[in-house]
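Please open the model in a viewer and keep the selection panel at hand.

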Amino acid sequence: MKEPYDVIIVGSGAGGGMSAYTLTKAGLKVLMLEAGRHYDPLTETPMFNVPAEAPLRGTSTTDKPFGFYDATIDGGWQVPNEPYTIAEGSDPFMWWRPRMLGGRTNHWGRISLRFGPLDFKPQSRDGLGQDWPITYDELAPWYDKVERLIGVTGRAQGLLNTPDSPEGCLLPPPEPRAFEYFVSKGYESLGIPVAAMHGAILTKPLNGRAACFYATACGRGCSIRANFQSTTVLLPPAMDTGNLEIRANALVYQVDLDRTGKAKGVTFVDRVTGEHHSVTARVVVLAAGACESARILLNSKSAAFPDGLCNTHGMVGRYLMDSVGASFSAQFPALEGLPPTNDDGMGLGHIYVPWWGYEKQARKALPFPRGYHIEMGGGRGMPSMGLGGQFSRSDTLSVGDALRDEARRMYGSYIGFACRGEMIPNDDCYCDLDPEVKDKWGIPVLRFHWKWSEHETNQAAHAIQTFLAVTDKLGGKPVPGYQTDGRKAISRGGEIIHEVGTVRMGHSETDSVVDAYGQSWAVKNLFVTDGAVLVSSPDKNPTLSILALAWRSSDHLATLAKRGEL
Amino acid sequence: MSEITPYLPKVDRRTTLAWLGGAVSVGLVGGATSLPGKADAAPNPAVPPPTAGGYGTDPNLVHPAAAPWPRIMTPAQLQTTALICDFILPASADAPAATALGVPDFLDEWISAPYREQVSDRPVILGGLQWVEDEAQRRFGADLFHAAAADRAALLMGLTSRPTDPAMAAPYQFFRKFRSLTIGAYYTTKPGFKDIGYIGNVALSHYPGPSDAVKVALDSALKKLGI
């Protein structure tokens, strides 16, 4: 393909992958620039590998922070040669980045929850945050399309602000595991409804992809394409159109403008050769990940935009959000010594607990305005080095046959609980450019500013109390070390890897950087289709919504392009 | 333990090569019991940078290479390790001993690794091995290998309960850590899977959920809990 391309897409994850899928199918000639290397899940996924085959039994290290087999390449909390900084006086912030085709869709948790009607109108609901320029009803058809394309499990449950999908959208959820059956009864006895997991995993064949065979953790990726990865679901059909060219190791740092103020392309550095290149296109789509997309805009300085592209009102990098996290685990005597069961299942929970406190919050009966959902892990998962700690909790340490008996009895009797909650955007949480620090290629890096408010820390404290209540109901014993003070129980900023909101969409250029289609107010042929555009960050994990928004935006982009309006 | 034989490392050729490559640096380090922490300046103190000397940030996941770092245990330390491993998990009627699964070699790999967690375990394990041998000499006038089986068992059994004597706190913590690593190393092997009752990692045409027997057991437990 020749320059100028119709569209340059920066990034190949959920937003970039979906943009490429949509735009190439619409007949547009697309160049995708990915900062990491090429990656092929069909040949690079360690299916069925056991810990004993890996160094240190696959234990997490600084080289592979989520474990040896995790589908993250050249990244994690640090990317070699690409630092970031934390502002003085800020609370900690962590930024997870891979450097591989498909980005974080290769290893993500695959929990795929629709945002609900209330989630799009947070300010109207309780005066906090900002309303989206779209409603749930406007995005719903795009959720339908995404679910039918990628495959998502679940079932209609009729719960408030937890949308049911139309008939035919969802795949049947698998049976709950033994511990999930058990813990469900505990929640239900407390009046808390439990729902089938919405997971981006095929329980039936779909669109030429095989169904899950319930082995190999999804975080490794999937060579049979039974779960959703951009690299297995979006990029292959985009390539099949003949309209997609992918360039790997292309670290984009600047959007280039022509004399009329329109985007004419981007400039990138090749991570391998260190050479800088500029490429041209009629339209530029940023989908590098919320923070990286903001960084590109902030680094794109010109006379017209001395503080960074689209940043005339100082909103690029603002409204940075992450999900609230708090975790807890407990041991349950009732689960000891069960007959062995195969608890592998899907690579995520088969059930979850949607937020159940909407009415209480409407009555102002809770000391925090927004909700959280609960995720659980447990059962007889593939043993890991962590097992050693589970059998070391008493002062007397068994050995020999007594140890073997203890191991068999206790294995699978622990349940881990985690909340994922909504954060309200605040003035203390944002990213800007560090005035001093640059990456290996001399490009200014991001500096993060972070501080949770009481809206979040009170929520985390409530989650811990919920975990304690259900544990108590089920006769469990909390593992010591948990925090009841929400300020201590809460995760670090960025730690849940749901960072969104740095280039938010809105009603006008005074309240946002892009419009309801991710189209920049300031530069008409520049779009953003990743999590940066999110206006709020409900408890629901963001990827499904990023996919739906990216599809909707790209469809709009294609329409405008065909009309010659870009 | 009656008859025991010296521990022979269970290694494949790749590991042996890595090991031989490391022999030189073992001599240089002189059986170091600690390594200085990595001095890389991380702009963000919340998260550590990748570690030099490790397997890198893009290892082959499908066919993992042997750990590239040299192993630091001396043959004597490895022998002591083997004796303690088999004190913790000797052969049972149905399952092999820890040494039969190469657990001592794994502990050597673990404490030799350049990563933060392993670097911090290193002095705990090597210091503990030294304590055990010193104690065997003091009490029995022999090293652990040559001590009478009953003496060896008595010495190690003395490390299995939280001590009241402050002088025993460090040996107890050593044993606690050593045992935890041994358990992890043992049950992450296929014979370990079998012994503990892990029956997954097999392809299924559908996910069956818990059997009726399991549901009956759970319902009965829930009833006792008043649910």
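Begin with both chains of this predicted model, and select the residues at which they meet: 68 residues of chain B are in contact with 75 residues of chain A. On chain B, select the helices H2 (75–88), H3 (103–112), H6 (169–187), H7 (190–196) and H8 (212–224); each supplies at least two residues of the side that touches chain A. Which helix gives the largest share of that side? The answer is H6(B), with nine residues. Colouring this side of chain B by residue class shows 41 nonpolar, 18 polar and nine charged residues.

**Chain B as a whole**

Next, display chain B alone as a cartoon. Its secondary structure consists of eight helices and zero strands, so that the order of elements from the N terminus reads α-α-α-α-α-α-α-α. Of the 227 residues in this chain, 33% are buried. Among contacts in chain B between residues at least 6 apart in sequence, 66% join residues at least 24 apart.

**A helix pair in chain B**

Two packed helices are described by the angle between their axes and the distance between the axes. Select H3(B) together with helix H4 (residues 116–140) of chain B: these two pack at an angle of about 125°, and their axes are 7 Å apart. H3(B) is therefore oblique to H4(B). Now show the side chains at this contact. From H3(B), select B:Leu107, B:Trp110 and B:Ile111, which meet B:Gln118, B:Asp121, B:Arg122, B:Ile125 and B:Leu126 in H4(B). The residues of this contact divide into five nonpolar, one polar and two charged.

**An open sheet in chain A**

Turn to chain A and select strands S3, S14 and S13, which form an open sheet in the order S3-S14-S13 with mixed pairing. Which strands lie at the edges? They are S3 (85–86) and S13 (430–438) of chain A, each pairing on one side only. S3(A) and S14 (residues 444–449) of chain A run parallel and are joined by two bridges. Zoom in on A:Thr85 to find A:Arg447 of S14(A) standing opposite.

**The helix on the sheet**

Is H7(A) largely enclosed or largely open? Nine of its ten residues are buried, so H7(A) is largely enclosed by the rest of the structure. The buried residues of H7(A) are A:Ala290, A:Cys291, A:Glu292, A:Ser293, A:Ala294, A:Arg295, A:Ile296, A:Leu297 and A:Leu298. To see what covers them, select elements including S1 (5–10), S6 (250–257), S8 (276–286), S13, S14 and S16 (526–528) of chain A.

**The nonpolar cores**

Finally, select A:Ile8 and A:Val10, which touch the most other members of the largest nonpolar core, a set of 164 residues. Helix H13 (residues 543–562) of chain A gives the largest share of this core, nine residues. Around A:Val10, beyond its neighbours within four places in sequence, the contacts include A:Gly16, A:Leu33, A:Val252, A:Val266 and A:Ile296. A second, separate core of 50 residues remains to be selected; among its members are B:Ala82, B:Phe87, B:Trp110 and B:Tyr115.

Technical notes. Residues numbered from 1 in each chain as written. Chains lettered and ligands numbered in written order. Predicted model: local features only at pLDDT ≥ 70, side-chain atom pairs only at ≥ 80, totals over all residues. Contact = placed C-beta atoms within 7 Å. Helix = DSSP H or I, 4+ residues; strand = E, 2+ residues; numbered from the N terminus. Nonpolar A, V, L, I, M, F, W, Y, C, P; charged D, E, K, R; others polar. Axes fitted to C-alpha atoms, helices over the stretch in contact; angles between N-to-C directions. Parallel < 35°, antiparallel > 145°, perpendicular 65-115°, else oblique. Buried ≥ 20, exposed ≤ 12 C-beta atoms within 10 Å, placed from the backbone. Pairing = 2+ DSSP bridges. Core = buried A, V, L, I, M, F, W, Y, C linked by C-beta atoms within 7 Å.
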